[in-house]
Every structure is written in C-alpha cells, then in structure tokens.
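Below is a short report on a two-chain model. The sequence and structure come first, and the reading of them follows.

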Amino acid sequence: MVRVLVGTRKGLFVLVSGDERREWTIEGPHLEGWDVFHAVLDPRDGAIYAATNNFVYGATVHRSTDLGATWTRSDEIGLPESSGVKLEKTWHVEPGREGEDGRLWLGGAPGVLFRSDDSGATWEVVESLLHHETRDRWQPGAGGMCCHSVQLDPSAPERMYVGISAAGVFRSEDGGESWTPANQGTAAEFMPDPYPLVGQCVHKLLLHPQKPDRLWQQNHCGVYRSDDRGQSWERLDGNGLPSGFGFPLALDPRDPDTAYVVPEHGAENRVTVDGRLGIYRTRDGGESWELATNGLPEPAWASVMREGFSFDRLDPFGIYLGTQSGSIFASADGGESWSEAASQLPTILSVEAAVWP
Amino acid sequence: MAVILLPGMLATEAGGQRRFELDAATLDEALRSLPVANLIFDERGVLRRLVNVYVDGVDMRERDGLATTLAGNETVRLVGAIAGG
C-alpha cells in the first residue's frame, strides 16, 4: 500500500492507495487540534511520527505504532535553561538509518536539533548546534528560525546535514558532534554581504539517496545543486525557471539528475507564478527546466509549504504535492501526468509518502 | 479529593480521561501530577501562558495562583485560552 501522510493545520490525514496509485481513500483526521508540521512513516518499523504544535499546549512529537489508530506523546522535549531559549516549534522528524534502532532526529525552532535513541519517548538537544559559534548571526525567517531539513548520508554513518532558516546549511562529519557551515556559493541577497558564511535562508535541503555527495537546495534566493557534500553550490534558477523563490523540493529516487520545484513570484508575493500551479522538472541536473501542466489546475494561485512535496520509491515512482488550499495532487509516473487525489482538506503543511503494508 | 476537569484536547492526550480525582496540598502539586503536565507546563516548569485554571469557578490568578491550597473538595477546571482560528 502507498500511504501519503498529510499534515495540516487541523490534524493529520492519510491518503491510502494500492500500488497503482489511481484511487485514494482518506483516513483521519488524526491528532485533532494539533498543527501537524510534518509526519513521517519510519521505514524501519512502520511507526508514524508527527511534529505537532498547538498555540496553547506548545510543541511536541506524537508517535503511533498502529498506523494512526492510537498515539502517544513524547515524555521529555525541551531546551536547557542555560541556553536562554525555549522550544518554540517542532518542524521535522527524520528516522535514523537502518540498523540504528530507536534513533530519530528532530528539527525545531529556534534553530535546534534533537536526537532520540528511544523511539521518540525522550529527546536530547544537540548541544553543538545549540551553541554553534555562528549562532549570533542566525536570524528567523517568516516561519521562525526553523530547523526544517535533516538529511543523513546513507554511505557514511557519521555524515549528516541540517538546513535552518535563516542560518543556512550545516554539515557534520561526526554524527552531530560538530557542524561546518556549507553555504559557499549560496546567496543571501537580503544581507549587506550577499555571500556570508552563514545566514542564508535555505527553504528545503535534500540529499540524493543514490548519489549522496549530491545535495539539492531550494533557497530563498535561488535553486542550487552541490556535488561535493555542500562544500560548493551551483545556482540553477537562471536556466529557465520563472523565479528562484520557492519552498518545496522533490527528487527522483533513482535519477540524481532529476529534481522538481514549485517557483513562487518572490518573497513579497508568495504564490505560484503566472496564475498556474507550475511544477518545474529538470532531468539534466538543473541545466534546463520544463513545466509540467498535465492535469494541474489553471488558473491557480497556490502556495506550497516547504514540506508539501514528497515522492515514493516505487517504479515508476509517485510524486505528491499539497497546497495550502487543501488539495493533494498526485502523479504515478514521475510527474508526466497529475490528478487531484484529495481536495478541501485543511491548510496543508506537509506531505510525506511511504510504501507500507 | 479535588476534582480536576480537563478540556477535550487534554483529555484525549490523557488517554480519554477527562476527570481526575487527586489528593494534593496545592494547585501546583495537583497539576504537576497529571499525565498531561508536560502540555500544561513548558520545559522550565512554567505554566503555559494560554492555559487558564479555575478553582471553583474563580480564576487562580484571583487566588494564590499555583500556590493556591486545596482542602480537597474543590473542582479545578482547565481551559485553553480562546484565541486563534
């Protein structure tokens, strides 16, 4: 079965289909009352984790081991008093690698990362990032200073990356003990120095699972690719994209040269370009981009959040996009054709696809 | 024993239990013994700003706050502040 976890401002919905991915049933809402910033199915054991936030009761993580029927909440999650800051939001849960039983990573605001080794019951803040020497140069974006991207290198058990708005991309080669800024070549055009060491507003960061030295990045100021683990970045949005601004990013799980973005007008007008829900695909590493329109609505003034784009690992792979106006668009053929799999959901904050019985 | 009544969302988080009967000397002690204490209090142990607490219908701020003593026959009601959309 294919399960598309849809986090919304009013709980979690799950779209379920067979592997043909043509007909969808909608389960939920689960976690009523919670803003589900992100939810993910752990491919190691099928547990679902949700980064949940509520304006009264704060930020936490929920876990379900029965595909959403029942939930438990993390016991301990917070920042030490010595840090001078409190946990504001939970943003992204990243399951650990195969063999790292019970390990999870959690990104949150203000620019913080947690690690759990007990399947999310308790979380320990990653002190090296909390006290990073450049932190005084980080600043919150419109969504707060969120650690929204956590990527684990499958080929190197100690290498990982985080993306924080607006601090930039950081790489660790020692399992999170220390972090190196990885922003060379990415612009921060809103700063006096447009190419600083840190302060870039990365919107989404993804590592290609088949070619883990390759990273893709949708930034506040452009779309980028790195082929050297983030040591340098090449800007790609001058190659046919209508705008370099956007939030979500998706990849082809088998082709490192293929990526998808959804450009928006710009920082001051955060809506899709030219009144259409335009998904742009490159199949040559960002040398050129083509607009996918087959089955997508037009006219459409849509917004897609940074977590609102996902793909499965079937062959051909499926790709899923959720709009703030509550629609899920799905493609079962790598983006050649699209159909609306759900509509009239609450504001969609995140989409995450999984294949699980 | 004092009776603690939770709003719907907290009751769900408490496994579906809305009503708790507790022996506690103070309001603080009673609230911290609840299974949803980490939703009512933040990581520093401070009561979250938008959680309102009423003791026999009176806002705890008009009593002694969390230090309000409980004789054991009170009804304590938790209410999430009315806000948002």
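Which residues of strand E5 (residues 75-80) of chain B form the covered face, and which the uncovered one? The covered face has B:Val76, B:Leu78 and B:Gly80. The uncovered face has B:Thr75, B:Arg77 and B:Val79. In a regular strand, side chains alternate between the two faces of the sheet.

This is a predicted model: local features need pLDDT of at least 70, side-chain atom pairs count only at pLDDT 80 or more, and totals for chains, interfaces and linings use all residues. Residues are numbered from 1 along each chain as its sequence is written, while chains are lettered from A and ligands numbered from 1 in the order in which they are written.

**Chain B**

Chain B has three helices and five strands. Both kinds of element are DSSP runs numbered from the N terminus: helices are H or I with at least four residues, strands are E with at least two. From the N terminus on, the order is β-α-β-α-α-β-β-β.

E5(B) has partners in strands E1 and E3 of chain B. Two strands count as paired if DSSP finds at least two bridges between them. Strand E1 (residues 2-5) of chain B runs parallel to E5(B), joined by three bridges. There, B:Ile4 stands opposite B:Val76. Strand E3 (residues 51-55) of chain B pairs with E5(B) in the antiparallel sense, over five bridges. B:Val53 has B:Leu78 as its bridge partner. B:Val76 and B:Leu78 both belong to the covered face of E5(B).

The overall dimensions of chain B come next. A compact globule of 85 residues would have a radius of gyration near 12 Å, and chain B agrees, with 12 Å. The radius is taken over C-alpha atoms, and the globule rule is 2.2 Å times the number of residues to the power 0.38. The C-alpha atoms fill a box of roughly 35 × 25 × 25 Å along the principal axes. Of the 85 residues, 24% count as buried. Buried means 20 or more other C-beta atoms within 10 Å of the residue's own; exposed means 12 or fewer; partly exposed lies in between, with C-beta atoms placed from the backbone. Among contacts in chain B between residues at least 6 apart in sequence, 54% join residues at least 24 apart. A contact requires C-beta atoms, placed from the backbone, to lie within 7 Å.

**Where the chains meet**

The contact between the chains takes 12 residues from chain A and 14 residues from chain B. On the chain A side, five residues are nonpolar, three polar and four charged. Here Ala, Val, Leu, Ile, Met, Phe, Trp, Tyr, Cys and Pro count as nonpolar, Asp, Glu, Lys and Arg as charged, and the others, Gly among them, as polar.

**Two sheets of chain A**

One open sheet of four strands has the order E4-E5-E6-E7 (chain A), with antiparallel pairing. Strand E4 (35-41) and strand E7 (72-73) are its edge strands, each pairing on one side only. Seven bridges join strand E5 (residues 48-54) of chain A to strand E6 (residues 58-64) of chain A. A:Ile48 has A:Ser64 as its bridge partner in E6(A).

Another open sheet of four strands has the order E16-E17-E18-E19 (chain A), also with antiparallel pairing. Strand E16 (202-207) and strand E19 (234-235) of chain A each have a single partner strand, so one side of each is left without a neighbour in the sheet. E16(A) pairs with strand E17 (residues 215-219) of chain A over five bridges. A:Val202 has A:Asn219 as its bridge partner.

**Loops of chain A**

A:Trp123 sits in the loop between strand E10 (112-116) and strand E11 (124-125) of chain A. What makes A:Trp123 count as buried? A:Trp123 is buried because 26 other C-beta atoms lie within 10 Å. Beyond its neighbours within four places in sequence, its contacts include A:Ser74, A:Leu106 and A:Phe114.

Most residues other than glycine have a negative phi, and most peptide bonds are trans.

| Site | Backbone value | Loop between |
|---|---|---|
| A:Ser165 to A:Ala166 | cis, omega about -5 degrees | A:Ala166: E13 (160-165) and E14 (168-172) |
| A:Asp315 to A:Pro316 | cis, omega near 0 degrees | A:Pro316: E25 (309-311) and E26 (319-322) |

A:Arg21 counts as buried, with 23 C-beta neighbours inside 10 Å. A:Gln344 is exposed, with 7 other C-beta atoms within 10 Å.

How values were computed:
Two residues are in contact if their C-beta atoms, placed from the backbone, lie within 7 Å.
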